Amino acid sequence: MIVKPKGTVDIKDNDALIMEYVNSVINNMMYSYNYEFIRTPVFESSELFHRSVGESSDIVRKETYDFLDKGDRKVTLRPEGTAGVVRSYIENKEYALPDVKKYFYNETMYRYERPQSGRLREFTQFGVEVLGSNDPIVDAEVISLQYRILESLHIGDLQVNINTLGDNESRINYRNALVKYLEPHIDELCDDCKERFKINPLRIIDCKVDAESDVIKNIPSVLDYLNEESKKRFETVCHYLDLLEVDYEINSKIVRGLDYYDHTVFEIVSLQNNDSKASVLGAGGRYNKLLKELDGPDENNGGFGIGWACGMDRIISFLKTMDIYQNIKREIDVYVMYVSEEEKLNALSIVQNLRLNGVTTECDNMNKGLKGQFKVADRLGAKYLVILNNEDLAKGLVNVKDNATKEEEKVDISELVEYLIGNL
Ligand code: HAM
């Protein structure tokens, strides 16, 4: 028997119904906030991720699915959505447009992770990227958008953990302070952190292995190394979030695992989520320097970006634990019943006519007897049964039974659609 690859999932049954619901909430919310849908390729040139996600990130160091295609090109399955969207923005010179570009996506991503709770090798992320503005109003908008989507899914006790990495000058100051602080302690840290120390010491701050060590607990705070401009910018973002009534905690240990971030970084957790490994439902931040890094405009020429992504699979796992999501049902409107071949021919066109008029309709597909068909109709939650028999059909009539009250009525076939739509 062939089984699914390690770290992948089949989304079906109740999970699929939850996912459909989440998708409808996302689509409505993105429309209200005026975001446009974008789909970028599932594979891109490997260089794109090396230059964006970064050489010091766990993703590029150990998790990408890289291969040579038949033309000997180095390609990588996308491990995240930002790089592709920014690549497309630059490739299509959208930075020359007078307005910001506000994109959303909802796609599968690929990371060769050690599969565990909340960590898959193929997973779905929905996310946004806003390109072309450095105004803190955009930082506040994207954070509140993620917050409102999670809130609309009825996830309680949401908390935004927010931090800033500051501008280039602040980051250099902080990096120097970190190196000075960490150098005498480097032997006490894990092997990954020893590596990170050489490439990007900032990444040591959110190391999961060393989190409880005194070295990390007493690490200098980035907030003490911000220049005036970066400090003011961060205060403005927080002020706007207050106005938008978003609950947040300033947490100077949030740096996120991708190298492209500067200024605002954040993650959203639900304090109700007991699964600590999957507790971060979504995360993101500003990445102004990334645009230049990918041969786009620099910050003096409008090279600005910010975004976030949420883990759909984590959200589904969490929603499943909530009572309201346990028995989501997709119920049909009408079940059409027949027995003889002649009734079946009539059923075919009646079913099609109802479906084309927007009435969710099903009929027997397995030559079951009437008793079996009643059972299927109940299982599907049919609100009405349309029962065909040759005698009534000859007079142009069908029996319509309200499956809740069990009341039955004969209805003219030509009026059936109108009758059902009027009663549903
Ligand atoms: P990230 O923090 O790597 O950010 O991922 C965002 C979210 O995707 C995580 O909070 C988590 O919910 C989900 N996620 C990540 N890895 C896995 C996995 N292996 N299995 C299941 N879910 C996972 C990014 O990807 C950035 N591109 C976000 C961003 C957009 N920043 C700016 N714009």
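**Entry 1: aspartate 72**

Where is aspartate 72 found? I looked it up and found aspartate 72 in the loop between β3 (66-68) and β4 (74-77). Strands here are DSSP runs of E with at least two residues, helices are runs of H or I with at least four, and both are numbered from the N terminus.

A note to myself on the source: this is a predicted model, where local features need pLDDT of at least 70 and side-chain atom pairs count only at pLDDT 80 or more, while totals for chains, interfaces and linings use all residues. Residues are numbered from 1 along each chain as its sequence is written, and side-chain values use heavy atoms, with hydrogens and water left out.

I read a phi near 65° for aspartate 72, a positive value in a residue other than glycine. Aspartate 72 counts as exposed because its relative accessibility is 60%. For these words I use buried for under 20% relative accessible area, exposed for over 50% and partly exposed in between (1.4 Å probe, protein chains only). The areas themselves come from the Shrake-Rupley method, and for residues only the protein chains shown count as cover.

**Entry 2: arginine 256**

I then turned to arginine 256, where phi is near 65°, a positive value in a residue other than glycine. Arginine 256 has its place in the loop between β8 (248-250) and β9 (262-270).

**Entry 3: salt bridges**

How many salt bridges does the count come to? I get 28 salt bridges, taking a side-chain nitrogen of Lys or Arg within 4 Å of a carboxyl oxygen of Asp or Glu.

I picked out lysine 62 and aspartate 192, whose side chains meet in a salt bridge at 3.0 Å, N to O. This pair links distant parts of the chain, with lysine 62 in helix α3 (residues 58-63) and aspartate 192 in helix α7 (residues 191-199), 130 residues apart. Lysine 62 is partly exposed at 43% relative accessible area, and aspartate 192 is partly exposed at 23%. I also see both residues in a network of salt bridges that links Asp58, Arg61, Lys62, Asp192 and Arg196.

Next I checked arginine 87 and glutamate 91, which form a salt bridge at 2.9 Å, N to O. The two are separated by about one helical turn because they are four residues apart in helix α4 (residues 82-91). Glutamate 91 is exposed, with a relative accessible area of 53%.

**Entry 4: around lysine 217**

I found lysine 217 in helix α8 (residues 214-217).

Lysine 217 forms a salt bridge with glutamate 212, with the closest N and O atoms 3.6 Å apart. Glutamate 212 is exposed at 62% relative accessible area. Leaving out residues up to four places away in sequence, lysine 217 touches Ala211, Glu212 and Lys253, where contact means heavy atoms within 4.5 Å.

**Entry 5: a positive patch**

Which residues form a positive surface patch? I list Lys368, Lys371, Lys375 and Arg379. Patch residues have over 30% relative accessible area and no salt bridge, with like charges joined within 9 Å and nonpolar side chains (Val, Leu, Ile, Met, Phe, Trp, Tyr) within 5 Å. Lys and Arg count as positive and Asp and Glu as negative, with His and the chain ends not counted. I place each charge at NZ of Lys, CZ of Arg, CG of Asp or CD of Glu.

Note on methods: Areas by Shrake-Rupley, 256 points an atom, 1.4 Å probe, with all protein chains shown as cover.
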